[in-house]
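Subject: Structure handover

Hello,

The structure we discussed is below. My notes on what was found in it follow.

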Amino acid sequence: MTGKSKQILIWIIVLTCNLPLVSNVFGQSPLRYTSPISLTYCVDPDWMPYEAIRVGKHVGLSADYIHLIGKYANIQFNLIETSSWDETLALLKSGDCQVASMLNPSPERESYLAFSKPFFNAENVFVTNSDIPFVAGYGSLQSKRLGLVRNYRHQEYVERYYPELNVTLVESESAGLLALSANEIDVLVGSMLSVARHIQKFGLNELKVSGLAKPHDLLSIGLIKSQTQHLERINTAIDLITESQHVDLFRRWNQMTVVDNTDYRFFYISGAALLLFIALMAWRNFYIVRFNRTLVVKNQLLEDLKVELVEKNTQLEFLSNRDALTSLYNRYFMVQRCEQEIARLNRFKENACLVLYDIDHFKQINDTHGHSLGDKILCELAQVVAREIRQIDIMARWGGEEFLILCPQTDLVAAKALSQRIQSALAKYSFDIIGKLTCSFGIAQYADNESFISWFDRADDAMYRGKKQGRNAIVTANSAPDIVE
């Protein structure tokens with residue numbers, strides 16, 4: 001056997017022994033379910049960009065996820081076409097449809113469905129006309145006509161927790177926006193992505209987003225109770241979806257451009273008639289040309305103003321969630337984010353910790369060197385700590401010289417290790433003029449069904465105990481309030 005033949009034989013053996021690796025490189029499913037299964041599924045036929053049925057075909061974000069999950073789990077999903085969300089729910093309840101491709105869990109739905117891990121998070125918002133500046137929450141809508149989509153989760157949520165509100169049920173988010181534009185309702189609750197798309201589609205520029213509406217979406221796959229044996233297979237497939245795939249799908253559907261299907265034949269005929277009229281009225285041609293030129297300039301100015309308005313709205317959205325001095329998240333955003341994390345913790349029974357830290361003797365720095373230096377130190381401290389926290393951690397300026405870190409999927413041991421890492425970084429860092437400074441840390445792990453106020457108060461109590469112990473201390477609170485290790 002020649003040397004070249006031996007080399008070819010070696011390559012054949014290597015490739016044969018590494019077939020799983022080769023298949024992954026060429027994009028085949030990394031999951032190895034050898035026995036395929038077939039399931040029927042239903043969707044919301046009018047909830048773009050999340051999902052819809054167009055000419056008998058499933059389209060939207062959930063269509064891409066169903067394709068990925070089916071590929072990884074070796075499941076053939078067969079669409080059952082429905083004409084409304086009510087019909088989809090009816091088929092799920094009767095068992096004629098086995099899977100719902102994308103929906104929120106709720107107590108009522110859990111009576112006939114089992115839910116997979118959530119694979120997509122989305123914000124829900126209050127939409128109003130321009131005469132309502134801001135909606136702080138459902139509690140501020142006592143005198144307003146609130147629009148909710150029939151049989152969406154928010155109907156169940158409001159009926160359970162805010163039964164006193166004046167609710168009008170609409171058949172879809174698009175129908176609700178049109179009702180809002182016609183002043184038939186005052187406020188509509190909808191998903192941010194689909195609301196933005198429908199406002200663009202219908203040209204409802206007088207409508208605006210006026211606040212965030214709880215609860216936010218944790219979208220999952222729902223299986224009827226007789227098919228729960230397939231839940232583990234679907235959850236495993238969801239875990240195999242990479243972060244880059246999630247981001248690519250979000251960008252694809254969040255940046256979708258609405259297709260204009262307007263029939264322009266009428267305009268063409270009108271244009272031809274106008275040209276004929278202009279030909280007969282040649283003596284007015286000069287004035288018409290001048291008018292058209294002016295109109296072009298005005299339209300360009302309007303386009304420029306529209307671009308500037310979009311940029312300003314983006315800046316305002318950033319500023320509404322950020323601390324003006326340090327550019328960290330602000331207290332308002334952090335409270336909302338912690339409430340979302342609590343909802344997730346109560347459902348999935350995971351760990352999470354709050355780390356509250358405060359600069360020691362900061363008043364003395366302000367009194368001695370002035371508030372300008374104090375502000376500079378706050379910004380420097382935020383940068384030092386930001387380099388030490390993990391990618392999943394969320395840090396905010398709570399107020400003054402206090403900062404709060406939310407640590408998802410973290411127990412007390414890991415949160416204490418994070419605090420020690422920050423403490424060590426501060427010990428090595430020298431601030432301008434004052435040199436070294438220290439912080440006191442209070443850590444609290446979330447306890448089952450605990451409110452955010454109770455959770456934060458335990459972290460706050462632990463931090464002040466650290467102050468009393470001489471500062472530059474890390475103190476952890478256990479699950480029972482007012483007890484410190």
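Cores

The largest nonpolar core has 61 residues, and Tyr 50 and Phe 120 have the most contacts inside it. A nonpolar core here is a set of buried Ala, Val, Leu, Ile, Met, Phe, Trp, Tyr and Cys residues joined through side-chain atoms within 4.5 Å; buried means under 20% relative accessible area, exposed over 50%, and partly exposed in between, with a 1.4 Å probe and protein chains only. Helix 3 (residues 61-73) gives the most to this core, with 7 residues. Helices (H or I, at least four residues) and strands (E, at least two) are DSSP runs numbered from the N terminus.

This is a predicted model, in which local features need pLDDT of at least 70 and side-chain atom pairs count only at pLDDT 80 or more, while totals for chains, interfaces and linings use all residues. Residues are numbered from 1 along each chain as its sequence is written, and side-chain values use heavy atoms, with hydrogens and water left out.

Leaving aside residues up to four places away in sequence, Tyr 50 touches Phe 120 and several others, including Leu 61, Met 102, Ser 191 and Leu 219. Contact means heavy atoms within 4.5 Å. A second, separate core of 31 residues includes Ile 365, Ile 405, Ala 425 and Cys 439.

An open sheet of 5 strands has mixed pairing and the order 11-10-12-9-13. Two strands pair if DSSP finds at least two bridges between them. Strand 11 (166-170) and strand 13 (207-212) are at the edges with a single partner strand each, so one side of each has no neighbour in the sheet. From one strand to the next, the twist averages 35°.

Strand 9 (residues 124-129) pairs with strand 12 (residues 187-191) in the antiparallel sense over 5 bridges; Asn 124 has Ser 191 as its bridge partner in strand 12. Helix 5 (residues 153-161) packs on the sheet and touches strand 9, strand 10 (145-149), strand 11 and strand 12, with its direction at about 135° to that of strand 10. Helix 6 (residues 173-181) also packs on the sheet, touching strands 9, 10, 11, 12 and 13, and its direction makes about 155° with that of strand 12. For these angles, axes are lines fitted to C-alpha atoms, for helices over the stretch in contact, and angles run from 0 to 180 degrees between N-to-C directions.

An open sheet of 3 strands has antiparallel pairing and the order 2-3-4. Strand 2 (46-47) and strand 4 (57-59) are at its edges, each with a single partner strand, so one side of each is left without a neighbour in the sheet. Strand 2 is joined to strand 3 (residues 51-54) by 2 bridges, and the bridge partner of Asp 46 in strand 3 is Ala 52.

Two buried residues

Thr 88 is in helix 4 (residues 85-94) and counts as buried at 0% relative accessibility. A polar atom of the Thr 88 side chain lies 2.7 Å from the backbone oxygen of Val 43.

Ile 389 is in the loop between helix 14 (371-386) and strand 16 (394-399). With a relative accessible area of 16%, Ile 389 is buried. Ile 389 and Leu 418 are 29 residues apart in sequence and 6.9 Å apart in space, C-alpha to C-alpha.

Regards

Conventions: Polar contact = N/O pair within 3.5 Å; in protein donor to acceptor, adjacent residues only side chain to side chain.
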